[in-house]
Amino acid sequence: MGGEVMAGLGALRRRKRLLEQERRLAGWALALAALGIALMVLHAEMLWFGGCPWAFHLLLVKCLITLSTVLLLGLIVAFHAKEVQLFMTDNGLRDWRVALTRRQALQAALELAVCALHPVPARGAACGAGSAAWPGFLGEGEALLSLAMLLRLYLVPRAALLRSGVLLNASYRSIGALNQVRFRHWFVAKLYMNTHPGRLLLGLTLGLWLTTAWVLSVAERQAVNATGHLMDTLWLIPITFLTIGYGDVVPGTMWGKIVCLCTGVMGVCCTALLVAVVARKLEFNKAEKHVHNFMMDIHYAKEMKESAARLLQEAWMYYKHTRRKDSRAARRHQRQLLAAIHTFRQVRLKHRKLREQVNSMVDISRMHMILCDLQLGLTSSQQALEKRMDALAGKLDALTELLTTALGPQQPPEPRPEAT
C-alpha cells in the first residue's frame, strides 16, 4: 500500500482517481447492505408464513445473506485502504503504517463488527414427524441478529457524501479551505435540506415509518394479545410518530414499547424540521418584503391623512355646536372627536413601527454602500496624494540641482595686467 510521493498535477489526478474509486466502493457497499437487509426481511416473512415446508429455501436465503455479508466486509476493507492511500497522497507519505492512525483502525474494526452481524445459516430442527420442535418464528437471538442488520444503513450518509460531488468539485474544496469548512455528512445533509427539503423530509418520514413498522411487527408477533400484524403496526407507527396516540392499538412487549418510544422521539424531531421548512418557505424574500413594505407605507400614509381630516372635522363640529350651545350635538361630536384622536394615534404608531422595520432592513445595505463610497473616496484621495507627493519630489530635486549649481565652487577671476 506504500505509494510514491507525488507532487503538483500528478497528486491532484491521483486524489481524484482515489475519490472516484471510493465513490464506487461506497455505492456497491450500500447496494450489498440493502440486498442483505431485503434478504433478511424475506427470511423472516418466509419463516412466519411458510414455516417447516420451506426449510430448504430458508437455509438458501440464509446462505445468500452470509455471502452478501462477506462481500460487504471485503468492500469495507477496500474502502478504508483507499482512505489510507488518499491520506498518503494529501500528506506526501511513503509508508502506509504512518498514515493508518489508531482512530481509523478502530473505526474500520467497528464497521466490520457491525456489518458482520447477521443470522448464521445453521440447520434448524428436523421437519417431519417432530415438527412440533420447529420454531414458529425467529428466536430471540436470531431476531436480534436480524434486526442488527439494520445498522448497515449507516452507509447511506457515506454514499450520499461521495455521490454529492462536493469532494470532487475543486471550487467547493478551494472555497471551503479558505473559509475553514469541512465537507462532512452534516454539510451534505444541510445542503440537501436547503435544496430539496420536501423530498428529503418525505423520504425520511416514509422510510422511518416502514422500517419501524416492520421492526415492531417482528417484536410483537409471538406475544399473546399483542400487535403482531403488519397492518396494525402500519397504523400504530404513524399515530405514534405524529404524537396523536388514539390508544386503540398498543404494544404488548418490552421491545415493542421501546420501538414506539423511539418512534415518538423521531416524530417530534421530524415535526420540528417540517415546521422550520414550511416557515422558511412561507417567508417573504427580499424583493417581496420591499414591495409589501412600500405598499403598506402608502396605505398607512393615506390612513393618517384621512384620520387627521376626520379629527379636524370633528374638532370643528364640536367647536361649532359648543358656540351654538347645543349640548346634545356637542356631546356627540366630542365622543367622535375622542374616537378620531384614538384612531389617529393608532395609525401613526403602526406607521412608525413600519418605518423602523424598513430602516432596520435597509441599514445593512446602506452601511455597505456608505463603506464602498468611503473606500472609493479614500482610494482616490490616496492616489491624488501620491501624485502630489511625486510632483513635490520632482520639484525638490530640481531645486536641489539649482542650488548645487548656484553655490558650487567658482574659479577665481584671472588678474588683469597693470599699466606700467
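Modeller: Helices (H or I, at least four residues) and strands (E, at least two) are DSSP runs, numbered from the N terminus. This is a predicted model, in which local features need pLDDT of at least 70, side-chain atom pairs count only at pLDDT 80 or more, and totals for chains, interfaces and linings use all residues. Residues are numbered from 1 along each chain as its sequence is written, and side-chain values use heavy atoms, with hydrogens and water left out.

Biologist: What does the secondary structure of the protein chain come to?

Modeller: The protein chain has 13 helices and 0 strands.

Biologist: Why is α2 called roughly antiparallel to α4?

Modeller: The axes of α2 (residues 55-91) and α4 (residues 102-115) come within 10 Å and cross at roughly 165°. Angles run from 0 to 180 degrees between N-to-C directions, along lines fitted to C-alpha atoms over the stretch in contact. Under 35 degrees counts as roughly parallel, over 145 as roughly antiparallel, 65 to 115 as roughly perpendicular and the rest as oblique. The crossing angle therefore makes α2 roughly antiparallel to α4.

Biologist: Which residues of α2 meet α4?

Modeller: Contact means heavy atoms within 4.5 Å. Among them are Leu72, Ile76 and His80 in α2, which meet residues of α4 including Gln107, Ala108 and Leu112.

Biologist: What makes a set of residues a nonpolar core?

Modeller: Its members are buried (under 20% relative accessible area, 1.4 Å probe, protein chains only). They are Ala, Val, Leu, Ile, Met, Phe, Trp, Tyr and Cys residues joined through side-chain atoms within 4.5 Å. The largest such core has 23 residues, of which Met40, Ile65, Trp214 and Leu216 touch the most other members. Its largest share, 6 residues, comes from α1.

Terms used:
Buried means under 20% relative accessible area, exposed over 50%, partly exposed in between (1.4 Å probe, protein chains only).
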